[in-house]
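The following tutorial dialogue shows how to read features from coordinates. Each answer gives the general idea and then the case at hand.

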Amino acid sequence: MIFRQLFDSVSGTYTYLLASRRGGEALIIDPVIEKVDRYLKLIEELDLRLVKAVDTHLHADHITGLGALRDRTQCITVMGEQSKVDVVSMRIAEGDRLRVEGLSLDVLYTPGHTDDSYSFVLDDRVFTGDTLLIRGTGRTDFQNGDSRQQYESLQRLMRLPDETLVLPAHDYKGDTVSTIGEEKRFNPRLQVKDAEAYAALMASLNLSNPKMMDVAVPANMRQGLMQAEIARRGWAVSPTQAADLLGARDVMLVDLREPGERKKHGVIPGSLHAPYPDLRENLGPGGMLHELAASTGRPLLFYCAFGERSAMAVQAAQDSGLIGVRHIEGGIGAWAGAGLTVERSA
Ligand code: FE2
């Protein structure tokens, strides 16, 4: 496995780059906007293809690199379903799996630092965001933080095997990695007897707000791709327009989501499946979508969860010379919101 822990000294943030092999798909956790050039250079040097950029939660102390990485690599942005970010490409929840080629991370909902805090378990290690830090825990006094909830989340993390490596989103003292067993014994925040005692401890901290908070939180809430630009070019249709086109059999509807998303959230009836990470291959000469559009004479109509992947796919399809390709603005989220039929049995 390729594993890199990268550091932003201004915000004390750790960013993690993961891939199963050289030349393979990569995932990045908690990227910082100022470091995006550095990440992209490393990704190129290691011959990786960035497929997903994930934030463990909506950060208050730095601006996320999610939007910039998506705009520069067309990767998928991922956050929890509770996040108050305007749009991400994919939302995850407790029990889901975060996958790239050769790697599958367990998704644990660990609220408390914020109401959208997640941890990710990959084999021998856990990425804890700001839920569990090395000899500390993330503050719980803003962004819908809740110290009792965090206590429960920490108890959950403590049930992982003692030797599990702990990889937090921040450190301000120079520590890089710990283990669950070590934190159980030596983390002062974990030496309390119950949730009440933990809440009292957290309430006594009297922390000042992060320097960047007034800038970072609003910026991090506006990460969505500008789907308006795609619409201005005439490459978007509303859910009801899409339903009319489908009814008239004027388009080939293509779902770009992952199998797990289709199973969990259902599909638009009559759609084909072509996951977004394979898009370039599928659009090229000889590729499935290329051939399909050519043989049926019906233009492609893409959709995904919220319209981000499909908007990027429209651009890629236009770039590869396919004509008349459009997408459903707002994805299946908007489709369901318009009261149109979603098939649950996929
Ligand atoms: Fe945080």
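**Backbone, metal site and sheets**

Q: Where is Asp47 found?

A: A loop residue is placed by the elements on either side of it. Asp47 is found in the loop between helix H1 and strand S4; H1 covers residues 36-45 and S4 covers residues 49-54. Helices (DSSP runs of H or I, at least four residues) and strands (runs of E, at least two) are numbered from the N terminus. The model is a predicted one, in which local features need pLDDT of at least 70 and side-chain atom pairs pLDDT 80 or more, while totals for chains, interfaces and linings use all residues. Residues are numbered from 1 along each chain as its sequence is written, and side-chain values use heavy atoms, without hydrogens or water.

Q: What is the phi of Asp47, and how exposed is the residue?

A: The backbone angle and the accessibility are read separately. Phi of Asp47 is near 60°, a positive value in a residue other than glycine. With a relative accessibility of 48%, Asp47 counts as partly exposed. The classes are buried (under 20% relative accessible area), exposed (over 50%) and partly exposed in between, for a 1.4 Å probe and protein chains only.

Q: Which phi does Asp30 have, and is Asp30 buried or exposed?

A: Asp30, which is not a glycine, has a positive phi of about 55°. It is found in the loop between strand S3 (25-29) and H1. Asp30 is buried, with a relative accessible area of 1%.

Q: Which residues are the protein donors of the iron ion?

A: A metal site is read from its donors, which are N, O and S atoms within 2.8 Å of the metal (3.2 Å for Na, K and Ca); water is not among the atoms, so sites may look incomplete. The protein donors of the iron ion are NE2 of His57, NE2 of His113 and OD of Asp130, at 2.1 to 2.3 Å. Their spacing in sequence is H-x55-H-x16-D. His57 lies in the loop between S4 and helix H2 (66-73), and His113 in the loop between strand S8 (103-109) and strand S9 (118-122), so the pair ties together parts that are 56 residues apart in sequence.

Q: Are the two histidines, His57 and His113, buried or exposed?

A: Relative accessible area answers this. His57 is buried at 1%, and His113 is buried at 6%.

Q: In what order do the six strands of the open sheet with mixed pairing stand?

A: A sheet is read from its pairings, where two strands pair if DSSP finds at least two bridges between them. The order is S7-S8-S9-S10-S13-S14. Strand S7 (97-100) and strand S14 (178-179) are the edge strands, each pairing on one side only. Within this sheet, strand S10 (residues 125-129) and strand S13 (residues 165-168) are parallel and share four bridges. Val126 stands opposite Val166 in S13.

Q: What is the order of the five strands that form an open sheet with parallel pairing?

A: The order is S15-S19-S18-S16-S17. Strand S15 (236-237) and strand S17 (272-273) stand at the edges with a single partner strand each, so one side of each is left without a neighbour in the sheet. S18 pairs in the parallel sense with strand S16 (residues 252-255) over four bridges. On the other pairing, two bridges join S18 to strand S19 (residues 326-328), also in parallel. Phe302 of S18 stands opposite Val254, and its bridge partner in S19 is His327.

Q: Which way do the residues of strand S18 point?

A: Side chains are followed along the strand, here residues 300-303. Leu300 and Phe302 point one way, Leu301 and Tyr303 the other way, and all are buried. Leu300 has a relative accessible area of 1%. The C-alpha atoms of Leu300 and Val54, 246 residues apart along the chain, are 29 Å apart.

Q: How many helices and strands does the chain have?

A: Whole-chain totals complete the reading. The chain has 13 helices and 19 strands. Its radius of gyration is 21 Å, close to the 20 Å that the globule rule gives for 346 residues, so the chain is as compact as a globular protein of that length. That radius is taken over C-alpha atoms, and the rule is 2.2 Å times the number of residues to the power 0.38. The C-alpha trace spans about 65 × 45 × 35 Å along its principal axes. Of the 346 residues, 55% are buried. Among contacts between residues at least 6 apart in sequence, 64% join residues at least 24 apart.

Definitions and conventions
Contact means heavy atoms within 4.5 Å.
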